[in-house]
Amino acid sequence: MTLTDILRAVDEPIGPIECVDPEGGRTSCDKVRDCIPHHVWRELRQSMLSVLERTTLQDMKNQHDQRQSLLGKEVTSNV
């Protein structure tokens with residue numbers, strides 16, 4: 001299960017700002033023509049989706065376990 005799956009299941013927006021979340025029903029607002037950073041928000045959303053779509057709960061657990069293991073080694077080596 002990916003992080004994207006989880007966010008969609010709980011109906012959370014996937015994006016840095018609502019106006020670039022097509023899943024939320026809006027892909028722009030009435031100020032998009034004057035919005036200087038709009039293209040940056042769209043690119044940021046695509047980057048976020050890329051990470052969320054390739055990251056699973058198992059990946060996160062593995063990373064957590066690895067960090068905990070490293071922290072344990074640091075603590076015992078300093079004693």
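## Helices, a salt bridge and a nonpolar patch

Asp-65 has a relative accessibility of 34% and counts as partly exposed; the term covers values between buried (under 20% relative accessible area) and exposed (over 50%), computed with a 1.4 Å probe on protein chains only. The model is predicted, so local features need pLDDT of at least 70 and side-chain atom pairs pLDDT 80 or more, whereas totals for chains, interfaces and linings use all residues. Residues are numbered from 1 along each chain as its sequence is written, and side-chain values use heavy atoms, with hydrogens and water left out.

The protein contains 3 helices and 0 strands, arranged along the sequence as α-α-α. Helices (H or I, at least four residues) and strands (E, at least two) are DSSP runs, numbered from the N terminus. Of its 79 residues, 15% are buried. Among contacts (heavy atoms within 4.5 Å) with a separation of 6 or more, 57% join residues 24 or more positions apart.

Helix H2 (residues 38–54) has 17 residues and spans 25 Å from its first C-alpha to its last, close to the 24 Å expected at 1.5 Å a residue; the expected span is 1.5 Å times one less than the number of residues. His-38, Arg-45, Leu-49 and Leu-52 are the buried residues of H2. Viewed down the axis of H2, these residues fall within an arc of 70° and so line one face of the helix; the arc is taken from the directions from the helix axis to the C-beta atoms. They pack against helix H1 (3–9). The face turned away from the buried side bears the exposed residues Glu-43, Gln-46 and Arg-54.

The structure has 1 salt bridge, a term for a side-chain nitrogen of Lys or Arg within 4 Å of a carboxyl oxygen of Asp or Glu. It joins the side chains of Lys-61 and Asp-65 at 2.5 Å, N to O. Because these two residues are 4 apart in helix H3 (residues 57–77), about one helical turn separates them.

Met-60 also lies in helix H3. Together with Met-1 and Leu-57, Met-60 makes a nonpolar surface patch of about 320 Å². Patches consist of residues with over 30% relative accessible area and no salt bridge, with like charges joined within 9 Å and nonpolar side chains (Val, Leu, Ile, Met, Phe, Trp, Tyr) within 5 Å.

| Partly exposed residue | Relative accessible area |
|---|---|
| Met-60 | 40% |
| Lys-61 | 45% |
| Asp-65 | 34% |

Overall, the protein exposes about 6,200 Å², of which carbon and sulfur atoms supply 54%. Accessible areas come from the Shrake-Rupley method with a 1.4 Å probe; for residues, only the protein chains shown count as cover.
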